[in-house]
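Subject: Structure handover

Hello,

Here is the structure for you to look over. My notes follow below it.

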Amino acid sequence: MVLILLGLLVSWLLKKEPLIGGSGIPQVEGEMLSFLDQKWYTILLYKIIGGCASAFAGLSLGREGPSIQLGAMAGKRDTRIFSSNTYGRETASHMWCGGGISAAFNAPLAGVMFALEEIHRNFSPSVLICVMCSSITGDFLSRNVFGLGPVFHFAIEKTLPLHMYGWILILGILMGILGVVYNAATLKVQDIYEKFSFVKPCYRILFPFLLSGILLYFVPVVLGGGHFMIELLSERTLSLSILFGLLMIKFIFSLCCFGSGAPGGNFLSFASSW
């Protein structure tokens, strides 16, 4: 009953503001290209409520995409107050995007690189300085609010032998291929959801919420964005068959969650799957 109520809540939020669905990164890019004009106040409120409800329900969704969209909307809010020119507004949005990703993962350098590579897609000294200031500030506040511990902590017991480095190259190629497969599967699942014509679009999101309840009973480890699952895998106490089973369940569950349009990202869920 709790999952159904949460699903109805998120469904109502999506009906009121469809742009809160998914990770939020395409919406930010659309804003940068002047294709969209999001209402920052509704996005901030509904995205936070919808994202928290989805996370509380155990959906396999990450926090990086919402952090970027929330950061961009916070920047849009400030530019409406302090800046009147278009360049200043774009710079502020890039800056806040970097701060969002930095605060989410305690990774200021990653926030800088993401804002320049994915959002701005160009190098500008003024944007670089602004994004660096925002990322460092976001990381500083995040560390002081949530503590100095890293998001992931793995104890390195011994270094990798030199003759094993060739397998790292193969692993990188394999991960690239699997990334393409995951993206194609995500688009396919979205098409499958669209074929459910007998169910109203606003109620299709109830499916991953109900699926989360089933998985909670049988394999609760696959619930959530994937943080706990990645830490569990580092213990190296699971057999290969169990790992493969968790891979398939997490993979399918992540596709069902993200394909439904629920507020949340898929970066961490994808990483934990593979």
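A word on terms before the findings: a helix here is a DSSP run of H or I with at least four residues, and helices are numbered from the N terminus. Tyr-193, for instance, is found in helix α8, which covers residues 165-194. Please keep in mind that this is a predicted model.

**Overall picture**

The protein has 12 helices and 0 strands. From the N terminus on, the order of elements is therefore α-α-α-α-α-α-α-α-α-α-α-α. The protein has 274 residues, and 45% of them count as buried. The accessible surface comes to about 15,600 Å². Carbon and sulfur atoms hold 72% of that surface. Now take the contacts between residues at least 6 apart in sequence. Of these, 75% join residues at least 24 apart.

**Helix α1 and its partners**

Start with α1 (residues 2-16) and α3 (residues 40-56). They pack at an angle of about 155°, and their axes are 10 Å apart. Angles over 145 degrees count as roughly antiparallel, so α1 is roughly antiparallel to α3. The crossing of α1 past α3 is left-handed. On the α1 side, the contact uses Leu-6, Leu-9, Val-10, Leu-13 and Lys-16. On the α3 side, Tyr-46, Ile-49, Gly-50, Ala-53, Ser-54 and Phe-56 meet them. By class, the residues of this contact of α1 with α3 are 8 nonpolar, 2 polar and 1 charged.

Next comes α9 (residues 206-218), which also packs with α1. The angle is about 155°, and the axes are 9 Å apart. That angle makes α1 roughly antiparallel to α9. The crossing of α1 and α9 is right-handed. From α1, the contact takes Leu-3, Ile-4, Leu-6, Gly-7, Leu-8 and Val-10. From α9, it takes Leu-206, Phe-209, Leu-210, Ser-212 and Gly-213. The contact of α1 with α9 has 8 nonpolar, 3 polar and no charged residues.

Leu-6 of α1 is listed in the contact with α3 and in the contact with α9. Val-10 is listed in the contact with α3 and in the one with α9 as well.

Is Tyr-193 buried or exposed? Tyr-193 counts as buried, because its relative accessibility is 6% and the cut-off is under 20%. Tyr-193 and Arg-204 are 11 residues apart in sequence. In space, their C-alpha atoms are 7.3 Å apart. Leaving aside neighbours within four places in sequence, Tyr-193 is in contact with Arg-204, Phe-207, Pro-208, Cys-256, Gly-259 and Ser-260.

Helix α7 covers residues 125-146, and Ser-142 lies in it. Ser-142 is buried, with a relative accessible area of 6%. Beyond its neighbours within four places in sequence, Ser-142 is in contact with Ala-103, Asn-106 and Gly-147.

Gly-138 also has its place in helix α7. At 13% relative accessibility, Gly-138 counts as buried. Not counting residues up to four places away in sequence, Gly-138 touches Gly-99, Ser-102 and Ala-103. Gly-138 and Gly-111 are 27 residues apart along the chain. Their C-alpha atoms are separated by 9.3 Å.

Best wishes

Definitions and conventions:
Residues numbered from 1 in each chain as written. Predicted model: local features only at pLDDT ≥ 70, side-chain atom pairs only at ≥ 80, totals over all residues. Heavy atoms only, no water. Helix = DSSP H or I, 4+ residues; strand = E, 2+ residues; numbered from the N terminus. Buried < 20%, exposed > 50% of the residue type's maximum accessible area, 1.4 Å probe, protein only. Contact = heavy atoms within 4.5 Å. Areas by Shrake-Rupley, 256 points an atom, 1.4 Å probe, with all protein chains shown as cover. Axes fitted to C-alpha atoms, helices over the stretch in contact; angles between N-to-C directions. Parallel < 35°, antiparallel > 145°, perpendicular 65-115°, else oblique. Left-handed = near helix turned anticlockwise from the far one by under 90°. Nonpolar A, V, L, I, M, F, W, Y, C, P; charged D, E, K, R; others polar.
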